[in-house]
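Hi,

Here's the structure I promised to pass on. Could you have a look when you get a moment?

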Amino acid sequence: MPDTPQFTRRRLLQSAGGLALASSIAAPSVLLAQSADVIRIGHLTPRTGFLGPLGEYGVMAIDLAVEEINAKGGVMGRKIELLKEDSVNPQTASTKAERMIERDKVACIIGEISSASCLTIAQVAQRTKTLFINTGGNSDALRGSDCKRYMFHVESQNSMYVKTAGRAHLRDGLVKGKKWYSLTADYAFGHDLLKVSKRFMEANGGQFVGDDLVPTDAADFSSYLLKIRDAKPDLVVINLAGNQITNFLKQYAEFGLTFPVGGFGFDTALAWAAGKGNFVGTWPVVWHHLIETPGTKAFVGAFTKKYGKPPENQAWGDYIAMKIVAQTINDLKSAESPKFIEHLEKGAKFDLLKTREGYFRASDHQLMHEMYTVTALPADKVKNQWDIFTSGDPVPGPDESLEVIAATKEENSCTFPA
Amino acid sequence: MLLMQQILNGLLDGVYYLLIALGLSLIFSLGGIVNLAHGAFFAIGAYLTLVISPYLGFGGALVLSPVLVALLGILIERTLFRRFYRSDPILSLLLTFGLAMVAEQALRMIFGAPPLSYSIPQALRGQVVIGNFIYSFYRVVLIGIAVACVAGLWFLLQKTPFGRVVRAGVQNPDMVGALGISLQPYMAAVAALGIGLAGLAGVLLAPIYAVHPAMGNEIITPAFVVVVIGGLGSFWGVVVAALLVGLVKGVMVGIGYSAASTAAIYFLMLLVLLVRPRGLFGERMTRLEQ
C-alpha cells in the first residue's frame, strides 16, 4: 500500500530519543548589547519540573527586589538588569551559567533550589571567578566537601533545618527513646538530609524503625502509608521535596493516619497546596510570611500588592540575596567578585527582615541567621487559606550565638579549593 | 501480611494508570499518533475540577470536566491530529510534544506555577478497614468509577457497530476505506473518548495529588510503559499491564526496595520486550510492521 506511513517501533524509539535530546538543549537567546549604564545580574532557578512551583516564587521575589532597588536609584547610580532563565537540570544549569558569565558578563549569579544544580553552577562560578549566591540548595555537602570560595549560601544548610526542627521535637518529647519512620527524596538533597537526621537521632537517643528512599517522580504514597501504619512510629519524618510533600500530606489525611508528622525540609507553598485539614505537623523554615517584624511586614505587603498572594519562604531567599548584592555593591563601589567575597568574609552584617541581623560565616560561606518552626493549625482554627500555621520563636534564641544550629567543623568541614 | 496488603494496594494503584493508558493506546492504535500531550489533558481535567467545583460541586465536575476535555480533544483531532495520520511519525511526535508544552505553559500562565489546594469532598472522606487492610473510601469510589468506565469502553469496542468499525480500522484502515466506510468521524470519536478518559483521571486524582501545571508528566511516563508492556491494539493487554505495573511498584516498596520502584517498571518493560517484542498481548499489525 503506497500511502501507509513508514512506521516501525525502531523508528519510533529513534524519534522519541531525538525529541528528548532536543528538549534538553536550551533555546538560544538573543545576544544582548553591552551597555555601561546597567549592571547585569543573572538569575537561575528551576521553573519547570518538581521544584518549578518554588522557583516561580523566587522569580517573583527577585523581580520585586530589582524593582525596589532601581526605584531607589539602582547600584552605583546604574540600573540593575536581571537576566532570568529556567535552570532545568544540573547540566543545563551549568551551560546557562557559563553563557550568562562569559557572554552576558553578569556581575554575579543568584538563585537555584536543587542542590545538584547548585554544584554545577558553583563549578562554573569557581572557574570563572564569579560570585554565585545559592538561595535554595540545602545539602551540607555544598558547604562541606563541595564548598567553593565563589559560592555563598543564603539558604540554610540541612544541619540548620534538622537542629531547628529537632529542638521542637525534643521539646515535644518525640526524640529520646522514640521511633522515627522517614521517607527521603532519592537524590543529593534527600541523601544529605537523611545523613544529618540520623546523626541527630543518634546524638539524642532515638532510632529509625523505617527509612524508605522515594524516587523523585513518585506521586502515589499508598504503599508507603501501609508500611508506616504497620510500623507504628512515634514520628513520621518527611525528607521529601517539592510537590511530593503536598501529595504525601493529602494522602496521609486520606488514609486517616494520625502519627505526629514532621520533616526537615519544607516550603510553605506546599502546605498551602495541601490545604487546611490535610496540612499537619511541625516543620522548619528559613522564614515565613507571619513573622512579626517591620521588614517582613513591608516585604509581605509589597509582594501581596504586586502578585495578589503572600510570598512563601523561597521568595524570601531570592529577595534577600538580591538586596544583599545591591547593598554590598553600593558599599564597596564595585561589583568585582573577589572584592565582594573579601567583604562578606570579613563578616559584613545584613538586615534579613528578622529580629536580628545576619552575616556569612567565613569558614563555609553559610549565612548565619534565625530560623523558625511552623506548626499546622487544626482545621477549625484556620481563618484563611494562607495563615494555616503558627510560628515558634526564632531559633537560636536571643541570647544564643547564631552559629549554634549550624554544622560544626567536625560535622561538616570545608576547605576552599584554591 | 503486609506483603499481601502491598500486592492488593499495588493492583488497585494500577487502575489509575489504566485510565490514562487506555486512551493513549486507542489513539495510537487507530491513528498512529503517539499522544505526548495526553498528560496535559489529564492536568486540564484536574484544573477544570477546581474551576467547576465551587459552582457545581465535585459531582458536577466529575461529569462536566471530562466532557469539556473530550470536546477539546475533538477540536484538536479535527484541526491538528488529522493532518498527521499518514505522515512520518516524527511529525506527530513533535506536534504532540509541542502541544504538551503549550498546554503546560498555558496552565502556568492562567493558574500560576504553585500547586493549588483541593481536597476530597466531605461525603467521600474516611477509610475502609477490612481485617488488617486499610484503604481510603475515596479510592474505593475512584476505582469503582474507573472500572465502570473501562467496562463501558470494552462494551463499546466489542459489542457495538461503532466498536466493530474502530477495531477494523485498527487492523486495516485501507480495507475499511475500500468497504466505503469513512474512518474520519471514528477518529474524532476515539480521540474524544481517549482524551476524555485522561480528563476523567484528572478529576479523580485532583483530590489526592498536588494540582500543578506539570502534573501530567508524573503520570504519562508510567502510562506509556503500560501501553508498551500491554501491546498495541490490545484492550486486555493494557488492562493486565496496568495492574502489573501497579503491582511491581507496590511490591518493590513493600519489600524495602522503594528506591528501585520506578526502575523496576522499566526493567519489567525490558523483559517483556525481550520475550514478546509486540508486548504481552500485542497483535501483529500489518500497517505498522514492514
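Below is what turned up about its cysteines.

Some ground rules: this is a predicted model, where local features need pLDDT of at least 70 and side-chain atom pairs count only at pLDDT 80 or more, while totals for chains, interfaces and linings use all residues. Residues are numbered from 1 along each chain as its sequence is written, chains are lettered from A and ligands numbered from 1 in the order in which they are written, and side-chain values use heavy atoms, with hydrogens and water left out.

Counting a disulfide as a pair of cysteine sulfur atoms within 2.5 Å, there is one over all chains. The partners are Cys147(A) and Cys414(A), with sulfurs 2.2 Å apart. Their S-S torsion is about 85°, so the disulfide is right-handed. This pair ties together distant parts of the chain, 267 residues apart: Cys147(A) sits in the loop between β4 (131-134) and β5 (151-153) of chain A, and Cys414(A) in the segment after β14 (389-391) of chain A. (Strands are DSSP runs of E, at least two residues, numbered from the N terminus.)

Both ends are buried (under 20% relative accessible area, 1.4 Å probe, protein chains only): Cys147(A) has 2% and Cys414(A) 14%.

Cys108(A) is buried at 2%, and Cys118(A) is buried at 0%.

Cheers

Terms used. Helices (H or I, at least four residues) and strands (E, at least two) are DSSP runs, numbered from the N terminus. Buried means under 20% relative accessible area, exposed over 50%, partly exposed in between (1.4 Å probe, protein chains only).
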